Amino acid sequence: MNLNLTLIGQIGTFLVLWWFTHKFIWPLFAEAMEKRRQKIADGLSMADKAKHSVAAAEEETARIIAQAKTQATEIVGRAQKQAEQLVVDARIEAKNAGEREIAAVRDNFEQEKRKAREALRGQVAELVIQGTEKVIGREVKTDDHKRLLDELSEKL
């Protein structure tokens, strides 16, 4: 009988202890475990978000770098085209300037040539008149002189 009473007492004590633990202690542990589980879940969620943010930032960085490279290539291409155009324009300008100088020299030469011809005509006319005066033996009149010069100028 002793054994039965002891067994019943132990069962009773166990049930009271179980009820007390279940009623007062277990909720505290459950609450602490739930808070801890929530913190871990939040930490994992934040880690995933951070991982996605890093991946998105890397993609954005790669996109920006590619865009910058493209823009740099375009800028260099435009600069090269502008440099080539400047060289072509400078060549054209130099050629035009050379042609203008050649034309100016030719005009100057033509003017000098005309002046020289006029001077020669005047000298030849003077010599012709002097020769005519010696041959004829008299002085040539101004009207005759002018007519002779005009005829001589037309022939020359």
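How many residues apart are K35 and E31 in helix 1? In this predicted model, K35 and E31 are four residues apart, about one turn of the helix. Their side chains meet in a salt bridge, with N and O at 3.4 Å. Side chains of opposite charge can pair when their charged atoms come close. K35 counts as exposed because its relative accessible area is 51%, and the cut-off for exposed is over 50%. E31 has a relative accessible area of 44%, so it is partly exposed.

The setting for this pair is a protein of 156 residues whose secondary structure consists of two helices and zero strands. Helix 1 takes in residues 2-136. Of the 156 residues, 3% count as buried. The protein exposes about 14100 Å², and carbon and sulfur atoms supply 62% of that area.

Part of the surface forms a nonpolar patch of about 1300 Å². The residues that make the patch are L7, I11, F14, L15, W18, W19, F20, F24, I25, W26, F29 and M33. One of them, F29, lies in helix 1, the helix that also holds K35 and E31.

The pair of K35 and E31 is one of the salt bridges, of which the structure holds four. Another joins the side chains of R63 and E60, with N and O at 2.3 Å. R63 and E60 both lie in helix 1 and are three residues apart, which is again about one turn of the helix. R63 is partly exposed, at a relative accessible area of 44%. E60 is partly exposed as well, with 35% relative accessibility.

A further salt bridge links E93 with R100, where the closest N and O atoms are 3.3 Å apart. Both partners fall in the partly exposed class: E93 has a relative accessible area of 44%, and R100 has one of 48%.

The last stretch to look at comes from a record. In an unreviewed entry, UniProt lists residues 95-126 as "coiled-coil region". In the model, that span is 100% helix and 0% strand.

Taken together, the model shows a protein of two helices without strands, in which 3% of the residues count as buried. Its surface carries a nonpolar patch that includes W18, W19 and W26, and the structure holds four salt bridges, among them the one between K35 and E31.

Key
Residues numbered from 1 in each chain as written. Predicted model: local features only at pLDDT ≥ 70, side-chain atom pairs only at ≥ 80, totals over all residues. Heavy atoms only, no water. Patch = residues over 30% accessible without salt bridge, like charges linked within 9 Å, V, L, I, M, F, W, Y side chains within 5 Å. Areas by Shrake-Rupley, 256 points an atom, 1.4 Å probe, with all protein chains shown as cover. Buried < 20%, exposed > 50% of the residue type's maximum accessible area, 1.4 Å probe, protein only. UniProt positions renumbered as here; feature names shortened; annotations may be inferred.
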